[in-house]
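This report describes a protein model in terms of its domains, a selected strand residue and its salt bridges. The sequence and structure are shown first.

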Amino acid sequence: MKRAFITGITGQDGGYLAELLLEKGYEIYALYRRNSNQRFDRIKHLLDKIHLIAGDMTDQSSLIDAIEVSKPDEVYNLAAQSFVAVSWKEPVFTAEVNALGVTRLLEAIKMKKPDAKFYQASTSELFGLVQETPQKETTSFHPRSPYSVAKLYGYWITVNYRESYNMFACNGILFNHESPKRGIEFVTRKITKAVAEIYRGEREFVSLGNLDAKRDWGYAGDYVKAMYLMLQQEKPDDFVIASGETHSVREFVEKAFKVVDIEIEWKGQGINEIGIDKKSGKTIVKINPQFFRPADVELLLGDPSKAKRELGWEPEVSFDQLVEMMVKNDLKNEGAESG
Ligand code: NAP
Ligand code: G4F
């Protein structure tokens, strides 16, 4: 039986990846942070099927112990301070986890299980101020936040351990991927949760920032399959994982309200823009400068052709299906049905 060690198990991707690896017959060990208010909501259904090991990406000895105990064939490093907006508020902590944390984990593997295959959760945020469109494995990086600068270090230290120590270490350069399990601070889930609440009359409007930012959004359940496939190849390599389509935040808002039959009309400009429900005339979207970033990534569009060619990976869930799945889940969570 193959053994996998996953960091970031309590996050969105951790749950989907653990489900996939369990289906494939893996024994799973996973790192979790001890908190005063422990939250295992996303993996409640998996708790009796996996081995949890307490530890932290900022604590070297906990990672060495975890690798020694789990003796993994494969390591998936998903742990991160993953919210870009907070990385300006906590730049040093973000670097400790997203940059140095990767080195700590690679060192632990080098010491205790050097033949383990390693997956690093790299990101399309590395492209930042994009140098070409669509973005592919050979596109130059220009990170635009403390988050992505730290992830750039994580990317290169992964390449470096591959080249220095011949370790099987891969970067998955994943574009945005969402799901009903997405954290409520990220724009997609913030919107779908608000749509459900507005539909039920529990709130009047949602406040957002940059509506013109464009993202290449896919479904997390599809993207964890690519992580697994990267570690099943003969040689370690880096791959862009994306849908190959881009949509603005504005389009996401329109599609999400459409699921509950609300059509939006936009009025005004800049921070004075508002979104109005065409039928009722009520304002349901407002702009709040608080949600703009010191520097934003305006356009992401990935070219997943290498992943298709070499991994045989393709996304299955479309943008429209993803939006509908998330809205319907948020309606269901609160006990309401779509109209
Ligand atoms: P997420 O939901 O925010 O989950 C992050 C996970 O990291 C949580 O389990 C969190 O644990 C853990 N973590 C944070 N700091 C830690 C620390 N110091 N020590 C140990 N664990 C720590 O993120 P996600 O969306 O699943 O993303 C997974 C990974 O892919 C992240 O590295 C993210 O940066 C990267 N990524 C995500 C996307 C995307 O669109 N989702 C795209 C590209 C790359 P707690 O529950 O204790 O906080
Ligand atoms: O949903 P977001 O917060 O995701 P972002 O910044 O693209 O980062 C996510 O994807 C990355 C992959 O590219 C991951 F590496 C990272 O860990 C994370 O999972 O914001 C998306 C866009 C941004 O341009 C933001 O400015 O939406 C814009 N936006 C507009 N209004 C908003 C809001 N974002 C948030 N979170 N909240 C708003 O009210």
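Is Glu197 buried or exposed? Glu197 is buried, because its relative accessible area is 13%, where buried means under 20% relative accessible area, exposed over 50% and partly exposed in between (1.4 Å probe, protein chains only).

## Basis of the model

This is a predicted model, in which local features need pLDDT of at least 70 and side-chain atom pairs count only at pLDDT 80 or more, while totals for chains, interfaces and linings use all residues. Residues are numbered from 1 along each chain as its sequence is written, chains are lettered from A and ligands numbered from 1 in the order in which they are written, and side-chain values use heavy atoms, with hydrogens and water left out.

## Domains and their interface

The domain assignment divides the chain into domain 1 (3–179 + 217–245 + 300–317) and domain 2 (187–213 + 248–298 + 322–333); such bounds come from an automatic or database domain assignment. The C-alpha centres of domain 1 and domain 2 are 30 Å apart. Domain 1 contributes 14 residues to the contact and domain 2 contributes 15 residues, contact meaning heavy atoms within 4.5 Å.

About 1200 Å² is buried between domain 1 and domain 2, and carbon and sulfur atoms give 71% of this area. Buried area is the accessible area (1.4 Å probe) that two parts lose on being put together, summed over both. Of the area that domain 1 buries against domain 2, Trp88, Arg144 and Trp217 supply 45%, more than any other three residues. Two residue pairs are in polar contact between domain 1 and domain 2 (both at pLDDT 80 or more). On the side of domain 1 that touches domain 2, eight residues are nonpolar, three polar and three charged. Here Ala, Val, Leu, Ile, Met, Phe, Trp, Tyr, Cys and Pro count as nonpolar, Asp, Glu, Lys and Arg as charged, and the others, Gly among them, as polar.

Gln120 is placed in strand E5 (residues 117–123); helices (H or I, at least four residues) and strands (E, at least two) are DSSP runs, numbered from the N terminus. Gln120 counts as buried because its relative accessible area is 1%. Its side chain makes a polar contact with that of Asn77 at 2.8 Å. A polar contact is a pair of N or O atoms within 3.5 Å; within protein, one must be able to donate a hydrogen and the other to accept it, and residues adjacent in sequence count only if both atoms are side-chain atoms. Leaving aside residues up to four places away in sequence, Gln120 touches several residues, among them Asn77, Val102, Lys151 and Cys170.

## Salt bridges

The structure holds 26 salt bridges, each a side-chain nitrogen of Lys or Arg within 4 Å of a carboxyl oxygen of Asp or Glu. Glu197 forms one with Lys193 (2.9 Å, N to O). Both residues lie in helix H5 (residues 187–199), four residues apart, about one turn of the helix. Lys193 is partly exposed, at 26% relative accessible area.

Lys306 and Asp237 are joined by a salt bridge of 3.0 Å, N to O. This pair links distant parts of the chain, 69 residues apart: Lys306 is in helix H8 (residues 305–311), and Asp237 is in the loop between helix H6 (220–230) and strand E11 (239–241). Lys306 counts as buried at 14% relative accessibility, whereas Asp237 is partly exposed at 24%.
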